[in-house]
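Trainee: I am new to this structure and would like a close look at one part of it. Please start with some background and then go to the salt bridges.

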Amino acid sequence: MNLVDLFCFSLENLRRTKLRTLLTTLGVIICIGALVSMVSFGVGLQRNVTEAFTANDLFTTLRVFPVKMKIEEALSGNLASAMNGMQQKTRALDDSALALIAAMPEVAIVFPENTFPVRIRFLGRETNTNLRCLPAAMGAFKPYDKMGWGAFFTSDSAQEAILSYPTLGQLRLSVEPAEKDSVNTRQTLRRISADSLLGAEMEVITSVLDFRQTMGLGLNGQAPFSEQVTRLRIAGIRPKPHAFGSQQNEGGLLVPLVTGKRIPRFAFTSMWDLLRRSQAPEGYNVLYVRLKKLDDLGPVRKRLQELNFSVFSLADQFAEIRRGFLMIDMALGAVGAIALIVASLGIINTMVMSILERTREIGVMKAVGASGRQIQSIFFFEAGMIGSMGGCLGVVLGWLVSRLANWIANIWVAHQGGAGGEIDFFYLPLWLIAGALLFSLLVSLLAGWYPATRASRINPVAALRHD
């Protein structure tokens, strides 16, 4: 009996019990659909995070600190342990250290990182945000090489600023039609053309320590602070943040490096800065290092640590994130696998019932010369056909469910004022499709093993007497 004969014979046997076969196959379809949709959700989340890291070149980014901060413990909330690491002084982040790092052939750009809170005022509207200082050369690197409107800084000392798209929404301004705007629609947005916005002047307001109030020379019940206003020209607007974007980390307002140094402000922005200043040598707080390629990350980090610098890489955190995603994928896959194992009980039941109904038929086949292995192959083939059909239709069902869930999720995100553009929360790679089909076939064959073995062992004489 060749494969074609097995296929035709098994298909005819399954067609005889249409309802039972349909219900058994439907159980496999639902289980495979659940498995595919759940695992594709975990894979989709990991894909979105990975693309966000790649789009912003975070895999090639290092930050160098002047003290041995235990960054991982700080991020996990263990502040006491993180601050204990600050007792270990390292090399000062001064201009000589900056030049030393910049001279490394693997380094594309390095500059002192400077971020502080400000209040901005434009067209009579105000909002609070973080100002980040960047060199003009960063315009050639991701993600700053692509602007939504306008252009990057012309020089490091230009009196210019770049607004992030979310900050524009905080000012209740929009450069797009209201029906296409993804900023929270519950706010009243004023439509303004990009041409009239670019080149306009805005006010950047910072707080400085007023020594007259501090020394009690003008004590009038007010806090010992005063506000300073710096006027900057709007040179550009960052594009809309897409799925899992990181414009919040980029800063709400970007200004040239030298211009940012000239803006009067407090010398510290948080208690972390105070602790670093008390423990670290004189110099910069943080140096931002962008490498030319990902392969340079390990050697450069090792070399910096040998030079007594404290180094932190977001790529290290991404490794932890990937481990977390792996645990999520395993948990989701386990739920689907358990459901599929339950469906395999239905396959066993279908095959056993088929044996009981076809006992006489099996006896006839053995009487005319069919071997036990051939009988076993017939039932294995029938179980495999149920698993294959259920697997194929289950993958289709999983894809349809993921598309529907993705559509509903995007409607909810848009209603909540989320990022512009459709987000693919689900991702169905080829390996997941092939794995689901193979897993379905394997489980069905395992489920058919006992019925097929039982059928092959039937005594032909007893089977022919079976009524």
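What percentage of the residues in the chain is buried?

Mentor: This is a predicted model. Buried residues make up 45% of the chain, which has 467 residues. The chain holds 17 helices and 13 strands. Of its contacts with a separation of 6 or more, 77% are between residues 24 or more positions apart.

Now the salt bridges. A search of the whole structure gives eleven of them. One of these pairs Arg233 with Glu160, at 2.3 Å from N to O. This pair links distant parts of the chain, since Arg233 is in strand 10 (residues 225–237) and Glu160 is in strand 6 (residues 160–163), 73 residues apart. Glu160 counts as buried because its relative accessibility is 5%, under the 20% cut-off. Arg233, at 34%, counts as partly exposed.

Another salt bridge joins Arg403 and Asp424, with 3.8 Å from N to O. Arg403 lies in helix 15 and Asp424 in the loop between helix 15 and helix 16 (430–456), so the pair ties together parts that are 21 residues apart in sequence. Both partners count as partly exposed: Arg403 has a relative accessibility of 28%, and Asp424 has 31%.

Some salt bridges share partners, and these join Arg119, Arg121, Glu126, Glu201, Glu203, Glu227 and Arg231 into one network. Within this group, Arg121 forms a salt bridge with Glu126, where the closest N and O atoms are 2.6 Å apart. Arg121 is partly exposed at 27% relative accessibility, and Glu126 is partly exposed at 36%.

Technical notes
Residues numbered from 1 in each chain as written. Predicted model: local features only at pLDDT ≥ 70, side-chain atom pairs only at ≥ 80, totals over all residues. Heavy atoms only, no water. Helix = DSSP H or I, 4+ residues; strand = E, 2+ residues; numbered from the N terminus. Buried < 20%, exposed > 50% of the residue type's maximum accessible area, 1.4 Å probe, protein only. Contact = heavy atoms within 4.5 Å. Salt bridge = Lys/Arg side-chain N within 4 Å of Asp/Glu carboxyl O.
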